[in-house]
Amino acid sequence: MPHSHLAQIYKPDFGLLTDFYQLTMAQGYFRQGLHKRRAIFNLYYRKAPFGGDFVIFCGLPQVVDLLSGLRFSVQDIQFLGRQKGTDGKALFDETFLHYLQRLEFSGDVHAPAEGEVIYPNEPMLRVEASLLEAQLIETALLTTINFSSLVATKAARIKAAAGQKSRVLEFGLRRAQGIDGGLTASRAAYIGGCDGTSNVWAGRYYNIPVVGTHAHAWIMVFPEEIEAFRAYAEALPNNATLLVDTYDTIEGVKNAIAVGQELRQRGHELLGIRLDSGDLAALSKKARQLLDEAGFTDTAIVASNDLDEYKIAKLRADDAPITVWGVGTRLAACYDQPALGGVYKLAAIQDKQGNWQPKIKLSEQAIKVSNPGRLQIRRYYDEQGKPVGSQLYDELQGQSEPTIELTRSAEENPAKKIDLKARGSLIQKDLLKPYIQSGQLALPLDDLRTARERSLKNYADYTALEEHVYGLSEALYEQKLSLISSR
């Protein structure tokens, strides 16, 4: 069974899920005899989204599905064969197309577990494969990891703003960027910390709790609001959360209380009321007062209407008695920052003799200078398991030095060094694990609840840090400076 929804929505051959220039480069590598040369690429981002310090990694099962489906069908090859150059002749050689038709991914992919915290410039994926394979998969990997990690991070922020005692429900499918975007968002939002989703397909496939009651249209179908409430309570007495703001909100609350009393006589409870417009702070306070006075102290107040972490934090600061938050557009579409901006850069390639040559991309913008080598993330924790620091090192240089010296960036010269040993006895862990080896799944993937629990714990631990200490090992920093000066 596939690990994500991708294989169910699209055909199982993902060869064409790429940018055209990946294919033109692939033919160039093929002609130059470089296509089988072993190469290392790192997928990472440069600046944390939403004004934060890190992202929550998400999207690994989709990556596994994509790479297991890296194939070109006969129809795919025929499509490529019809592409023409400026001279009207075929753009791709038949020998190259025949090579593509037999192609399957045979490389290695190292990644963190879903729900891990990743800092800027730390690899979210490390791909080691033939140059042609590694180049072809760039676009598919980026679109998968960028969006999933962005939504998971946004969800973690929203859940933290709501508080662990509140429930956050993801309502974003109708406003997401298409069917695939909506399904990806529902999965990522759950890993980030949401407690349920309105997306029934995601609930069925991923076993995410599904939630929902009725829309304004239900109320408008009936002559009177209270008739609509009674009809809904009769149809679903064990799911009675009533939307009270179709007409007059306070009158809607009173009508909901009346129907709640009728429900009690039949052995059921009014689960909640939902506010979807207006001054949510003032209305929720008045609603809470009315509900409590009528004896409905356990009836929840659900709020929706373009919520995000900022609005939720403000409502909580105003002591709004809301305990369930329905978040849609601003989560599923990551409204305030709809793209993560992750990149995929060559970090090393083997020469004719099989020796690894570190590679670096330069730029007049220091933030765009890449890090060379077979990069690994070494995370340090105190004896209680709380994070202390994070070091990026190059496995091709050997194990990271026992003296823990971190440098934030290559543009700092001399670099700022931090000796973490002074902070006491430390536990260390390398985050990137070999999930795919020789094209095959090599480690089991976590279920969603395990990933969600990891995400919730990590977000709490890392946001509690007074200082985020991360950067390059001293050896990697010196190698990076050497490569910069040699260009």
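1. How many nonpolar, polar and charged residues does the lining of the largest pocket have, by class? In this structure, which is a predicted model, that lining has 10 nonpolar residues, 14 polar residues and six charged residues.

2. The space that lies in this largest pocket comes to about 920 Å³.

3. Among the elements, β11 gives the most to the lining of the largest pocket, namely three residues.

4. Turning to the helices, the axes of α4 (residues 74–81) and α5 (residues 94–101) come within 10 Å of each other and cross at roughly 155 degrees. Because angles over 145 degrees count as roughly antiparallel, α4 is described as roughly antiparallel to α5. The handedness of the crossing of α4 and α5 is a separate point, and here the crossing is right-handed.

5. Where α4 and α5 meet, the residues on the α4 side are Val74, Ile77, Leu80 and Gly81, while those on the α5 side are Leu97, Leu100 and Gln101. Sorted by class, the contact of α4 with α5 has five nonpolar residues and two polar residues, with no charged residues, whereas the lining of the largest pocket has six charged residues.

How values were computed. Residues numbered from 1 in each chain as written. Predicted model: local features only at pLDDT ≥ 70, side-chain atom pairs only at ≥ 80, totals over all residues. Heavy atoms only, no water. 1 Å grid on protein atoms, 1.4 Å probe; cavity = no way out; pocket = protein on both sides within 12 Å on 5 of 7 lines; lining within 4 Å. Points joined across faces, edges and corners; volume = space filled by probe spheres on them. Helix = DSSP H or I, 4+ residues; strand = E, 2+ residues; numbered from the N terminus. Nonpolar A, V, L, I, M, F, W, Y, C, P; charged D, E, K, R; others polar. Axes fitted to C-alpha atoms, helices over the stretch in contact; angles between N-to-C directions. Parallel < 35°, antiparallel > 145°, perpendicular 65-115°, else oblique. Left-handed = near helix turned anticlockwise from the far one by under 90°. Contact = heavy atoms within 4.5 Å.
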